[in-house]
Every structure is written in structure tokens, then in C-alpha cells.
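Hello,

Here is the structure I promised to pass on. Please open it alongside this note, and then read on for what turned up.

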Amino acid sequence: MDHAAAVSLAIGACVLFSLSAAVQQRASALAPGRSGGMAGVEQLMLALVRNPLWVTGAVINAIGFGVQAVALHLGSVSVVQSVMPTQLLFALVFASIAARH
């Protein structure tokens, strides 16, 4: 097992997951107003699925899952999963960047 590569890939996955969350949160904040109830949820979901920014976030998330899968292939679960909480640090960085815009 190549622990250095597994840790590097796990950190890369953390960055991608955090970026995905930031992009999708931005797209959700820009979504048009909606009414309450299930009709409002359906309107929101349709608006998000049609939003290229939100879809980009979903693609980034899928790439993150792939990177994490490769990391798990190269390293043990205990090594890779112990790195995953660093995703919160990257989320703070992306949130602060988004707050400046």
C-alpha cells in the first residue's frame, strides 16, 4: 500500500467535496423564490437540476467520490477516512472566499 499517495488523494477528495458543497450552496442561494410545502420542494429541485452551476457542483462531487475510491484502493480505510474530516477546513476556506464576493 502506498500511504503517501492514498493520503494525497484523500486530501484531494476533501478539496473536491468542499468545492462541490460551496458551488451547490451558491446555486441554491441564487434559486428563485418558492412557496412552501411539497410543491415548493418540487419547484426548487427542478430549478436546481436545470441550473448549470448546481450541476457543475454535482459533477465535482462525483469526481471527488472517484478520487476517494482510488485513495481507498491504494490505502487502508483507516488511513483514508481519518483524513476526510479535513474537508471542514477546506469548506471554511471556500466559504470565506464566497463571502468576499
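Contact here means heavy atoms within 4.5 Å. Keep in mind that this is a predicted model.

By that cut-off, Val79 touches His3 and Val7, leaving out residues up to four places away in sequence. Val79 sits in helix H4. Leu9 is 70 residues from Val79 along the chain. The C-alpha atoms of Val79 and Leu9 are separated by 11 Å.

**H1 and H3**

Start with this pair of helices. H1 and H3 pack at an angle of about 165°. Their axes are 8 Å apart. Angles over 145 degrees count as roughly antiparallel, so H1 is roughly antiparallel to H3. The crossing of H1 and H3 is left-handed. Sorted by class, the contact of H1 with H3 has 20 nonpolar, eight polar and one charged residues.

**H1 and H5**

Next, turn to the other end of the chain. Helix H1 covers residues 3–29, and helix H5 covers residues 87–100. These two pack at an angle of about 40°, with their axes 8 Å apart. H1 and H5 are therefore oblique to each other. H1 passes H5 in a right-handed crossing.

Which residues make the contact? From H1 come Ile11, Cys14, Val15, Phe17, Ser18, Leu19 and Ala22. From H5 come Gln87, Phe90, Ala91 and Phe94. By class, the contact of H1 with H5 holds nine nonpolar residues, two polar and no charged.

**The core**

The largest nonpolar core has nine residues. They are Ala6, Ala10, Ala13, Cys14, Phe17, Ala71, Val80, Val83 and Met84. Two elements give two or more residues to this core: H1 and helix H4, which spans 77–83. H1 provides the largest share, five residues.

Setting aside its neighbours within four places in sequence, Ala6 is in contact with Ala71, Leu74, Gly75 and Val80.

**Gln68**

Gln68 lies in helix H3, which runs over residues 52–74. Is Gln68 buried or exposed? Its relative accessibility is 12%, and therefore Gln68 counts as buried. The cut-off for buried is under 20%.

Gln68 touches Ala13, Phe17, Val80, Gln81 and Met84, not counting residues up to four places away in sequence.

Val23 is found in helix H1. Its relative accessible area is 15%, so Val23 is buried. Val23 touches Leu53, Gly57 and Ile60, again not counting residues up to four places away in sequence. Phe94 is 71 residues from Val23 along the chain. Even so, the C-alpha atoms of Val23 and Phe94 are separated by 9.2 Å.

Val93 lies in helix H5. With 42% relative accessibility, Val93 counts as partly exposed. Val93 and Ile60 are 33 residues apart along the chain. Their C-alpha atoms are separated by 17 Å.

Best wishes

Definitions and conventions:
Residues numbered from 1 in each chain as written. Predicted model: local features only at pLDDT ≥ 70, side-chain atom pairs only at ≥ 80, totals over all residues. Heavy atoms only, no water. Axes fitted to C-alpha atoms, helices over the stretch in contact; angles between N-to-C directions. Helix = DSSP H or I, 4+ residues; strand = E, 2+ residues; numbered from the N terminus. Parallel < 35°, antiparallel > 145°, perpendicular 65-115°, else oblique. Left-handed = near helix turned anticlockwise from the far one by under 90°. Nonpolar A, V, L, I, M, F, W, Y, C, P; charged D, E, K, R; others polar. Buried < 20%, exposed > 50% of the residue type's maximum accessible area, 1.4 Å probe, protein only. Core = buried A, V, L, I, M, F, W, Y, C linked by side-chain atoms within 4.5 Å.
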